[in-house]
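Dear colleague,

I am handing over the structure we spoke about, and below it you will find my notes on what turned up when I went through it. Please read them with the model open beside you.

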Amino acid sequence: MSRDELNIKDNTSLFKEERYVQQRENKKQFEAPCSEQETAEALAYSKSAEYMEKNFSRQNVVINPHKACQPLGSVMAALGFEKTLPFVHGSQGCNAYFRSHLSRHFKEPTPSVSTSMTEDAAVFGGMNNLIDGLENSVALYKPEMVAICTTCMAEVIGDDLNSFIGNARIKGVISEEYPVAYCNTPSFVGSHITGYDAMIKGILSYLYTRSGIESKPGSGEESGEKLNVMLGFEPYTGNFAELRKILGAFDTKYTILGDHSGNYDSPATGEYEYYYGGTKLADVPQAANALATLSLQKYTLKKTQEYISGTWNQKLAALSTPLGIKGTDTLLATISELTGLPVPAMLTEERGRVVDALMDSHPYLHGKRVALVGDPDLLIGLIGFCLETGMEPVHIICSNGDVDFNEVKFKDEAEALLAASPYGTEATVHVGKDLWHMRSLLLNDKVDLAIGSSHLKFAAKDAEVPLVRVGFPIFDRHHMHRYPIIGYQGTLNLLSLIVNTILQQLDDHNSGFNFELVR
Amino acid sequence: MDPLRQDEFDSQACGSIAPKAKPCPRPKPGEAAGGCSFDGAQITLLPIMDAAHLVHGPIACAGNSWESRGTLSSGPSLSQYGFATDLTDSDIIFGGEKKLKDSIDYIAGRFAPPAIFVYSTCVTALIGEDMDAVCKEAADRLGIPVIPVNSPGFVGSKNLGNRLAGDALLQYVIGTGEPEPETDLGVNLIGEYNIAGEMWDIEKLMNSAGIAVTSRITGDARYKEITWAHRARVNMVVCSRALLGLAKEMESRYGIPYFEGSFYGAKETTYSLRQMAYLMNDREMERRVDRLTEREEARLSQELRPYRKLLRGKRAVLYTGGVKSWSVISALKELGVQVVGVGTNKSTEDDVRRIADRVGDDTEYIPEGGASRIIKTVRERKADIMIAGGRNMYVAMKEQIPFIDINQERHKAYAGYEGLLRLAKELTYSLANPIWKLAASPAPWDKEAPPYDR
């Protein structure tokens, strides 16, 4: 059969055909629409400075949110541990959303179950659902550990996970030894990063406490001294690989606490398993004896970090996502300091190559005005990267930026970072704002480039600004998460992505004398 | 299809206003279940494109879901905005009614929608927000309909949410407006959501037969056209039993006859068009429909010939919501594809009966979800292809099974005669892609590798 015959039109091309266009025109008679002039006026007003002011005085409604909720983060955290089944205690829709959301980003299946609470649970509490759910899911999916998080519903009715799990054991649904970690994650507090933190802390503290081990910080374990590493709410599986490469080059032993890269980057072998990779459960209590813990998302992992430095009494180095040359330098210096090992020559060489690449591209980056949207730790990394390339961050929105670590607020750190560079003087950091605010900003104070998740594409399109997709979620591009954005290699990836977007813009918008071959 | 006795019908219909015996199947704890009632209600109403849809609750329900439906608009896009009251812990304690009122006011003031739908969530239902009162007060003050949709997630499944959304339309929307005098009255399409633009294909077809669409409930709808839905002459429930209650109630209230039909497959499409003309009681229209369907079927069967050759004897496992399970089977059968396994997780008893009418005895029913269960059926029944939704797509990829997305995220329109041709092409494409051969051959250095041939 010829290829022409097989040409199937999807909705992007099919409905541009004349007959459908005509049909849509005809339909307008049903709409009782405003005149074209009225529509144009309203649109123009929505783009005006006057409207921006009204938009920013908006208090009680969120328009186009840029954060997900706590239990979504908890599901991701649970998938970071070996053969662990995420178990969402609430009504069933929450879990369906989490599975779709994560699967759309990673293009991988997300094993996660729900207690499917209904009205009777709302009245009498969700204990029966939790007990039945444990029994069913353990039988069906055969996990080695279950990690339970709550939802709004369970929190509002005040379900007590600890006693419910205890009752499940008494009833014999699960054995006394069967590990069930849990955490409380109401969606009306915090965001996906808070929930990630809660579950990681929940799992670490649960597995440590039940092991009966007394930590001897810095003593190392029998097999030698190890470094603990945490990446946080990490939408890039490539970042795990990059970090492994770096730690491998140092030749240090390490344990990644919360490694969901296996689950979200598994090979197509012809047989689907529910669980891939993840931190070994037995490694968790041992991690209490490690040399130190390195955290790569200090705002995200606040409670976990407090737990580690408090209960495990362990040395802790907390950074934000290590992007750019300086960010990676800090990462390497920190690893070197914590382990006492020198920075390997291989990485120094790599650094030189990436610096070379940054020099090659700098004429296209210098002075480019940029808008940024993302989670707090990612934004600290991105701001740093922009500043060192001569790009000027202008609008920065962090919906879930109401966070602090060691009594330093995210906003203050971001502003200090910007103030320290001549390229950061124009920037404003907006915490708690949404993407409809960003739309006003993009329309009223033009930038050259927007950097953020797929959700930003609507505002970016309205403002005719090219969007570089970085962060979470990325639904409309494939495989971005497979490439690291941390470390020197990640810096190079980010650089290529940004500079080539700018060059593509040049080609798209120029013809004739400046449609050049060499750039 | 066998006629059902009325009492039997009432007791089985998931969509009946007061289900007597068996309501929608209850979810089972500990499974990877589908969406909740909130989700169901929202997806039913979101395709009303010019309305604002405000979620009253914490950020999650809106934050995790906005702008992720593949329901297309031919004009307005307000429904694609994610509006949420974003309740925080202090709102949970002190109540969020003030916040809701302010949100409604802001949306009305800034976006001037013809109507605002306000959705309750688990949290607002549990803390006892009086949403109806706030909506009523706002509607009176602002002079636009502000419609409470009381469908918190915990009341049950997605199907139930569809039904509750139908109840909201009956209570607040249908019958509140009148069409222009010259409007050509015809059929309401109930339960068609214009996923991938399928509605536009259906409408084109109906127009060629001279049948007007009165209200789209709700694919690519405008709020106003639903207010006059009670003036239609016929209701068609497009393979969505959840909204059957809406059609039944409109029959008893307004005397509009209804039927259930589908546009998947040529036979079903022809049946649906004929049924419309028949129920309109218009002989001339019936003749027109006959001419059109004969012509279209003849043309289609010509165009399908090469694909039928390629698809004959191929075996498929179908795993989708209850609503599409039986209708897609017809389409596949016409292409010569044998359905060897079918999901019945969200199907009502009557759906299952219809499935049974369409498949042979050799078909396996998959009553519960879970990837492994579906995969097992594919393997045991030696299926060639899996037809399901996004959440199962990546499992199929892991298992190297050719796959077609039939749910909300698909980008291809499969309804009507042209849609069937597109489905045939897509099946052929999916089965023929060289990646399956590549995936099935181990690396050459592994022993006993069959040669990989591009």
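The contact between the two chains draws on 98 residues from chain B and 85 residues from chain A, and please keep in mind throughout that this is a predicted model. The area buried between chain B and chain A comes to about 7700 Å², with carbon and sulfur atoms giving 61% of that figure. Within the area that chain B buries against chain A, the three residues Asn64(B), Trp66(B) and Lys398(B) supply 11%, which is more than any other three residues.

As for polar interactions, 23 residue pairs are in polar contact between chain B and chain A, counting pairs in which both residues have pLDDT 80 or more. On the side of chain B that touches chain A, helix α5 of chain B, residues 97-111, gives the most, with seven residues, and the residues of that side divide into 43 nonpolar, 25 polar and 30 charged. The rule for salt bridges finds three across the interface of chain B and chain A.

Turning to chain A by itself, four of its strands form an open sheet with parallel pairing, in the order β7-β6-β8-β9. The edge strands are β7 (253-256) and β9 (316-318) of chain A, each of which pairs on one side only, and neighbouring strands of this sheet are turned against each other by 20° on average, direction ignored. Strand β8 of chain A, residues 292-295, pairs with β9(A) in the parallel sense over three bridges, and Thr293(A) stands opposite Leu316(A) in β9(A).

Which helix lies across β6, β8 and β9 of chain A? That is helix α15 of chain A, residues 324-339, which runs at about 170° to β8(A); the strand β6 that it lies across covers residues 226-230.

With best regards

Conventions: Residues numbered from 1 in each chain as written. Chains lettered and ligands numbered in written order. Predicted model: local features only at pLDDT ≥ 70, side-chain atom pairs only at ≥ 80, totals over all residues. Heavy atoms only, no water. Pairing = 2+ DSSP bridges. Helix = DSSP H or I, 4+ residues; strand = E, 2+ residues; numbered from the N terminus. Axes fitted to C-alpha atoms, helices over the stretch in contact; angles between N-to-C directions. Contact = heavy atoms within 4.5 Å. Buried area = accessible area lost by both parts, 1.4 Å probe. Salt bridge = Lys/Arg side-chain N within 4 Å of Asp/Glu carboxyl O. Polar contact = N/O pair within 3.5 Å; in protein donor to acceptor, adjacent residues only side chain to side chain. Nonpolar A, V, L, I, M, F, W, Y, C, P; charged D, E, K, R; others polar.
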